[in-house]
Amino acid sequence: MPAISLNILEPASDTGYFGSPAVTLRGAVIETPKELENVILYYRWYSSINIEARLDHYAINETALTDPGTPFSALLGVGSHIITFAVSDRPGQTAAEMEAMRHGGVTGGFAGDARCVIHVFKAKIIAPVENSILHKNNETLIAEAPLIWGRVKPGTDPVQFEMNAEYDKVDRLKYRWEFVPIGLSDGRQTVNFIPAKNEYIFEEYVLDQNSKLMVIRYTGPLPDNLNGDYQMILHVEDRENKLGGHQATITNCSVI
């Protein structure tokens with residue numbers, strides 16, 4: 001089976017995206033073996049965090065592309081994504097078609113010269129809500145998290161999650177909770193609170209009857225020097241302080 005050499009033109013590895021952006025993916029064939037010049041080839045994009053993935057359909061693009069240079073725009077969820085670009089001579093992705101594949105190729109991934117890892121920074125506060133009273137001795141903070149931040153802990157029923165060590169190797173996201181004093185000028189300072197990653201619990205959160213998402217939840221003490229009314233800002237930003245970040249705000253909460 002001759003290999004087909006590919007290249008990822010977009011996105012560039014270690015690019016940051018903020019909010020809920022459309023990410024443009026575009027590839028190229030470096031070299032097609034001569035014996036495949038008249039064979040129809042099908043091109044697909046994959047992400048390690050694909051919220052739409054399902055049995056027999058794991059690619060980001062619903063329909064395979066027949067031109068590798070066709071720009072494909074995708075909305076990707078929060079987190080650090082390992083991107084791969086693949087080609088095959090099969091139009092579908094079922095196990096039977098993958099077994100029948102005779103020609104193909106892949107590029108991208110986590111390591112090597114073809115590495116393609118991108119980072120989507122998106123802040124979404126689930127709790128607290130506006131005008132909440134927070135108790136600094138024991139409070140809960142909840143934010144949307146990458147789909148694979150954690151993984152199912154083996155042998156748990158009901159299901160429990162544990163930190164995903166494989167995702168942690170690529171993860172560039174840091175969660176910083178900033179408390180900015182509001183009201184009278186009384187000498188209070190802005191306070192930043194950054195729980196350690198292992199202080200969070202990863203879990204499924206039901207928003208309503210029709211939707212749910214994966215979140216991280218911190219439950220425990222807040223910084224002792226918090227007292228009074230604050231604007232609370234969640235910053236989801238780069239651990240390496242190179243790519244920037246995204247933020248969400250609660251305009252008023254009280255800490256007692």
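**Close-up views of a predicted model**

**View 1. Phe179 stands opposite Val191 of strand β15.** The structure shown here and in the following views is a predicted model. Strand β14, which spans residues 173-181, pairs with β15 in the antiparallel sense. This pairing runs over 3 bridges.

**View 2. An open sheet is built from 5 strands in the order β10-β19-β18-β14-β15.** The pairing within the sheet is mixed. Its edges are formed by β10 (132-134) and β15 (191-193), each of which pairs on one side only. From one strand to the next, the twist averages 35°.

**View 3. Tyr43 and Phe85 form a stacked aromatic pair, one of 9 aromatic pairs in the structure.** The ring centres of Tyr43 and Phe85 are 5.9 Å apart, with 20° between the planes. Tyr43 belongs to strand β4 (residues 42-47) and Phe85 to strand β6 (residues 79-88), so that the pair links distant parts of the chain, 42 residues apart. Tyr43 and Phe85 are both buried.

**View 4. Trp45 and Phe85 are stacked because their ring centres lie 4.2 Å apart and their planes meet at 20°.** Since Trp45 is located in strand β4 and Phe85 in strand β6, this pair ties together parts that are 40 residues apart in sequence. Both Trp45 and Phe85 are buried.

**View 5. One aromatic cluster comprises Tyr175, Phe193, Tyr200 and Tyr218.** Of the strands described above, β14 covers residues 173-181 and β15 covers residues 191-193.

**View 6. The charged end of Arg188 sits over the ring of Tyr230.** The distance from this charged end to the centre of the Tyr230 ring is 4.9 Å.

Technical notes:
Residues are numbered from 1 along each chain as its sequence is written. This is a predicted model: local features need pLDDT of at least 70, side-chain atom pairs count only at pLDDT 80 or more; totals for chains, interfaces and linings use all residues. Side-chain values use heavy atoms; hydrogens and water are left out. Two strands pair if DSSP finds at least two bridges between them. Helices (H or I, at least four residues) and strands (E, at least two) are DSSP runs, numbered from the N terminus. Axes are lines fitted to C-alpha atoms, for helices over the stretch in contact, and angles run from 0 to 180 degrees between N-to-C directions. Rings of Phe, Tyr and Trp (its six-membered ring) pair if their centres lie within 6.5 Å; planes under 30 degrees apart count as stacked, over 60 as edge-to-face and the rest as tilted. Buried means under 20% relative accessible area, exposed over 50%, partly exposed in between (1.4 Å probe, protein chains only). A charge sits over a ring if NZ of Lys or CZ of Arg is within 6 Å of the ring centre and within 35 degrees of the ring normal.
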